[in-house]
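Here are my notes on the model you sent over. Have it open in your viewer while you read.

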Amino acid sequence: MIPIFGHDDAIAKIVGSQLGVTIHPPYTAIGFADHRGDICGGAVFNSYNHSNIDLTIYLPRMDRTAIKTIIAYVFVQLDCNRMTARTKNSNAQAKRAMEKVGFKFEAVLKDWFGTGKKNAGVMYRLDKQTALERWLLNG
């Protein structure tokens, strides 16, 4: 996938529409284009506080270039200590994908996506050392 910068609003709309959510600014985004140049996914970053940043992501498939781009942005350019991502507890595919990247389970978020057990969220974190070692220094 080819990283695309400078189109934050368009990328946030694409990611949000694929996930069925609205992403509210302020945010920064990196899009990812296929071999034809069409934006097919992206990563949206918000709630940055110099130590942590939240990630909302949609990728049609796992891609090393996309993951390395995201990790370089968060842990090298922004110098964050950690990155946080959330999903529904029932979304086994998203949880597996996050764990493959190196995210670790951190918390259950009761009623995060609405009321009731099926709407519980889970929060994962990826720490700087794990990310850099796995994806940039040794990968």
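1. Ground rules first. This is a predicted model, with local features needing pLDDT of at least 70, side-chain atom pairs counted only at pLDDT 80 or more, and totals for chains, interfaces and linings using all residues. Residues are numbered from 1 along each chain as its sequence is written, and side-chain values use heavy atoms, with hydrogens and water left out.

2. The main core. The largest nonpolar core has 28 residues, and F45, M83 and F103 have the most contacts inside it. By nonpolar core I mean a set of buried Ala, Val, Leu, Ile, Met, Phe, Trp, Tyr and Cys residues joined through side-chain atoms within 4.5 Å. Buried is under 20% relative accessible area, exposed is over 50%, and partly exposed is in between (1.4 Å probe, protein chains only). In soluble globular proteins, nonpolar side chains tend to be buried together.

3. Who builds it. Elements giving two or more residues to this core include strand 2 (28-33), strand 3 (39-46), strand 5 (82-88) and helix 3 (92-101). Helix 2 provides the largest share, 7 residues. Helices (H or I, at least four residues) and strands (E, at least two) are DSSP runs, numbered from the N terminus.

4. F45 up close. Leaving out residues up to four places away in sequence, F45 touches P26, Y27, T28, A29, I30, I53, D54, L55, I70, Y73, V74 and M83; contact means heavy atoms within 4.5 Å.

5. Which residues of helix 4 are buried? They are A131, L132 and W135. The buried residues fall within an arc of 105° seen down the axis of helix 4, so they line one face of the helix; the arc is that of the directions from the helix axis to the C-beta atoms. Their cover includes helix 2, helix 3 and strand 7, while Q129 and L137 are exposed on the other side of helix 4.

6. V76, L136 and L137 make a nonpolar surface patch of about 290 Å². Of these, L136 sits in helix 4 (residues 128-137) and is partly exposed at 33% relative accessible area. Patches are made of residues with over 30% relative accessible area and no salt bridge, with like charges joined within 9 Å and nonpolar side chains (Val, Leu, Ile, Met, Phe, Trp, Tyr) within 5 Å. Areas come from the Shrake-Rupley method with a 1.4 Å probe, and for residues only the protein chains shown count as cover.

7. Salt bridges. The count comes to 7, taking a side-chain nitrogen of Lys or Arg within 4 Å of a carboxyl oxygen of Asp or Glu. R125 pairs with E106, the closest N and O atoms being 3.7 Å apart. R125 lies in strand 7 (residues 121-127) and E106 in strand 6 (residues 104-109), so this pair ties together parts 19 residues apart in sequence. R125 is partly exposed at 29%, and E106 is partly exposed at 30%. Separately, salt bridges with shared partners join D34, R36 and D38 into one network.

8. Two more pairs to look at. D34 bridges to R36, with the closest N and O atoms 3.0 Å apart; D34 is buried at 17%, whereas R36 is exposed at 58%. For D63 and R61 that distance is 3.3 Å, with D63 buried at 9% and R61 partly exposed at 48%.
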